[in-house]
Amino acid sequence: MAAPPQSAAASSTQDDDASLIERSRSDPELFSTIFDRHAGRLRGYVARRLGPDAADDVVADTFLIAFRRRSGYDLSRTDAAPWLYGIATNLIGERRRAEVRMYRAYARSGTDPVAAEGHAQRVAEVVSAQAEGSRLAAALASLKKRDRDTLLLHTWGDLSYEEVARALDVPVGTVRSRLNRARRKLRASLGSPTSDR
């Protein structure tokens, strides 16, 4: 007896991201599965970078841009997360001044605006956010944008070195050197020993 045919929606949950993006070129509604798979985690990352108020806007803009650019997506990449994080990071860059202001306000007040809203995100591996939150925020604000983007994609976005490289369109070696530099600067700013991943 043959198995009943699967609906397009049921089969789309089993496809990898590249297959869905390719099929969404002729059936745009399939792109919603990409949103369903990645929006929550991406929102958490953006909220850590810009605060909860801006997160929804940046995530919406990220998926709008991704939808419009889906015809140029590299179908050899089965996971769209690094691509989406790259788009989001570029949008965050446009809001960089707001991000730095948030870190400086956090440094002055000692109150993490995201943690106060109840989001439990992993904080940079170099310090405990509970004990060092305001000092960490000041140290993050002092990093160069490219180093901060690399560090936060890896720690708060939970992306591997390879995924960060794809998100930022740089070689893996560049990711490693940026992470090393950012960690070294954070250690110096915070005056505490840390362990690298």
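**Exercise 1.** In this predicted model, determine how Asp158 is classed by its relative accessibility.

*Solution.* Asp158 has a relative accessibility of 44%. The class of partly exposed runs between the limit for buried, under 20%, and the limit for exposed, over 50%. Asp158 therefore counts as partly exposed. Its place in the chain is the loop between H9 and H10.

**Exercise 2.** Describe the backbone angle phi of Asp158 and of Asp169, and state where Asp169 is found and how it is classed by accessible area.

*Solution.* Asp158 is not a glycine, yet its phi is positive, at about 60°. Asp169, also not a glycine, has a positive phi of about 55°. Asp169 is found in the loop between H10 and helix H11 (172–190). With a relative accessible area of 71%, Asp169 is exposed, because the cut-off for that class is over 50%.

**Exercise 3.** Characterise the largest pocket by its volume, its lining residues and the elements that contribute to the lining.

*Solution.* First, the space in the largest pocket amounts to about 280 Å³. Second, 19 residues line the pocket, and those nearest its centre are Pro82, Trp83, Arg166, Ala167 and Asp169. Third, two or more lining residues come from each of helix H5 (81–94), helix H9 (145–155) and helix H10 (161–168). H5 gives the most, with six residues.

Note on methods: Residues numbered from 1 in each chain as written. Predicted model: local features only at pLDDT ≥ 70, side-chain atom pairs only at ≥ 80, totals over all residues. Heavy atoms only, no water. 1 Å grid on protein atoms, 1.4 Å probe; cavity = no way out; pocket = protein on both sides within 12 Å on 5 of 7 lines; lining within 4 Å. Points joined across faces, edges and corners; volume = space filled by probe spheres on them. Helix = DSSP H or I, 4+ residues; strand = E, 2+ residues; numbered from the N terminus. Buried < 20%, exposed > 50% of the residue type's maximum accessible area, 1.4 Å probe, protein only.
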